[in-house]
Amino acid sequence: MRIDKISLSYSYKPKTPVVACIGFFDGVHKGHKALIQEAIRQSKELNCASALITFEPDPWVTIKGISEDECEHLTTTKQKINLIVQEGIQNIYILDFTKEMSKLSDMDFVVRVLGQLNLKGLVCGYDFHFGVNGTGDATRLKQLMNCPVTVVDEVSSDGAKISSSRIVNCVKSGDFYKAYMLLGHPFSMDGKVAHGNHVGHTLGFPTANVEYSPEYVLPLTGVYSGHVILRGKSYGAMINVGHNPTVNYSRQISVEAYIFNLDEDIYNQYISVIFEQYIRPEQQFKNKENLILQLERDRSQVMKALGYK
């Protein structure tokens with residue numbers, strides 16, 4: 001698997017012939033996977049490699065002049081790449097989406113950007129737009145490209161289009177079953193385990209405090225059942241998202257995981273926190289004792305949700 005950056009500041013001419021799909025692919029949901037699988041299918045037919053073309057940063061960051069954390073992403077770039085590789089893509093081309101690139105006409109985008117690649121076929125979604133102000137669409141792409149262009153129709157669920165924004169709303173409302181159905185895989189947040197104030201230890205519930213990327217969409221505050229992936233191994237977990245209003249109040253929302261069957265120092269290690277079932281909303285308690293009683297009830301409910309006896 002090869003990852004290359006495509007830029008206007010230098011010319012890059014990969015020799016590898018590919019059939020590629022193109023888009024931003026945040027979350028790598030079922031709609032995205034339809035494009036990916038079509039590109040892979042065609043690459044096998046043409047006896048060439050498969051590829052995916054994506055953008056960095058998010059085009060809205062460049063076009064609107066906003067920061068990454070204002071976009072509420074389902075995945076970081078690294079996480080997105082890992083999911084794409086799992087789908088079987090052999091080459092990933094990341095477009096360095098600068099102001100200059102955003103101002104290219106649709107024709108110039110095809111010639112100066114896509115023209116750098118050895119494309120034998122291109123796959124896009126029916127709603128794909130490109131070029132300054134999004135003037136280019138799937139029909140225009142067919143007119144401009146020197147290779148066949150396949151347009152994939154809308155992929156829907158429950159009568160509505162599967163989209164990253166729809167899944168973002170699921171995450172923000174705590175509906176991770178629906179998010180899973182639309183993604184085709186669980187929603188997770190990756191991050192490094194950081195030192196906190198160790199309040200969990202004093203309560204009898206030591207937690208891994210996750211240092212997450214600010215670009216993530218944040219789940220509804222509250223307690224969840226789920227899993228933590230550490231060094232490739234999965235552990236059941238009780239996850240808390242919130243401000244910790246009873247003790248150790250934090251203005252920034254924290255993501256913490258009480259991990260079952262793990263008794264070791266994991267500070268500075270990277271974990272994936274997988275959200276599965278919403279247990280209850282965040283609450284403020286009168287004292288630590290009441291909080292501990294509730295945490296014990298939460299633990300029982302989470303263990304039951306995870307199938308522990």
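Reader: Which residues have the most contacts inside the largest nonpolar core?
Author: This is a predicted model. In its largest nonpolar core, which has 34 residues, those with the most contacts are F187, I239, V255, I259, I271 and F275.

Reader: And which helices and strands each supply at least two residues of this core?
Author: Two helices do, α7 and α8 (176-183). The strands are β9 (188-194), β10 (208-212), β11 (222-230), β12 (233-242), β13 (254-259) and β14.

Reader: What is F187 in contact with, leaving aside its neighbours within four places in sequence?
Author: F187 is in contact with L74, V171, F176, V217, P219, V273, I274 and F275. F275 is itself among the residues with the most contacts inside the largest core.

Reader: How many residues are in the second core?
Author: The second core is separate and has 31 residues, including F55, A138, L144 and V149.

Reader: On to R280. Where is it found?
Author: R280 is in strand β14, which covers residues 270-280.

Reader: Why does R280 count as buried?
Author: Its relative accessibility is 9%, and buried means under 20%, so R280 counts as buried.

Reader: Which side chains make polar contacts with the side chain of R280?
Author: The side chain of D298 makes one at 2.8 Å. The side chain of Q283 makes another, at 3.4 Å.

Reader: What else is R280 in contact with, neighbours within four places left aside?
Author: Besides D298, R280 is in contact with G222, V223, F285, Q294 and L295.

Reader: Different topic. How much space lies in the largest pocket?
Author: About 1,300 Å³. The lining of this pocket has 46 residues, and G23, F24, P59, W60 and D127 lie nearest the centre.

Reader: What is the lining like by class?
Author: It has 22 nonpolar, 14 polar and 10 charged residues.

Reader: Which helix gives the most to the lining?
Author: α2 does, with four residues. Helices that each supply at least two residues of the lining are α1 (30-45), α2 (59-64), α4 (99-102) and α7 (164-173).

Reader: Staying with α1, is E38 buried or exposed?
Author: E38, which is found in helix α1, counts as buried because its relative accessibility is 17%.

Reader: What does the side chain of E38 make a polar contact with?
Author: The side chain of Q42, at 2.7 Å. Leaving aside neighbours within four places in sequence, E38 is in contact with V123, T150 and V152.

How values were computed:
Residues are numbered from 1 along each chain as its sequence is written. This is a predicted model: local features need pLDDT of at least 70, side-chain atom pairs count only at pLDDT 80 or more; totals for chains, interfaces and linings use all residues. Side-chain values use heavy atoms; hydrogens and water are left out. Buried means under 20% relative accessible area, exposed over 50%, partly exposed in between (1.4 Å probe, protein chains only). A polar contact is a pair of N or O atoms within 3.5 Å; within protein, one must be able to donate a hydrogen and the other to accept it, and residues adjacent in sequence count only if both atoms are side-chain atoms. Contact means heavy atoms within 4.5 Å. On a 1 Å grid over the protein atoms alone, a cavity is a set of points where a 1.4 Å probe fits but cannot get out, and a pocket is an open set with protein on both sides within 12 Å along at least five of seven lines; lining residues have an atom within 4 Å of a point. Grid points are joined across faces, edges and corners, and a volume is the space filled by probe spheres set on the points. Ala, Val, Leu, Ile, Met, Phe, Trp, Tyr, Cys and Pro count as nonpolar, Asp, Glu, Lys and Arg as charged, and the others, Gly among them, as polar. A nonpolar core is a set of buried Ala, Val, Leu, Ile, Met, Phe, Trp, Tyr and Cys residues joined through side-chain atoms within 4.5 Å.
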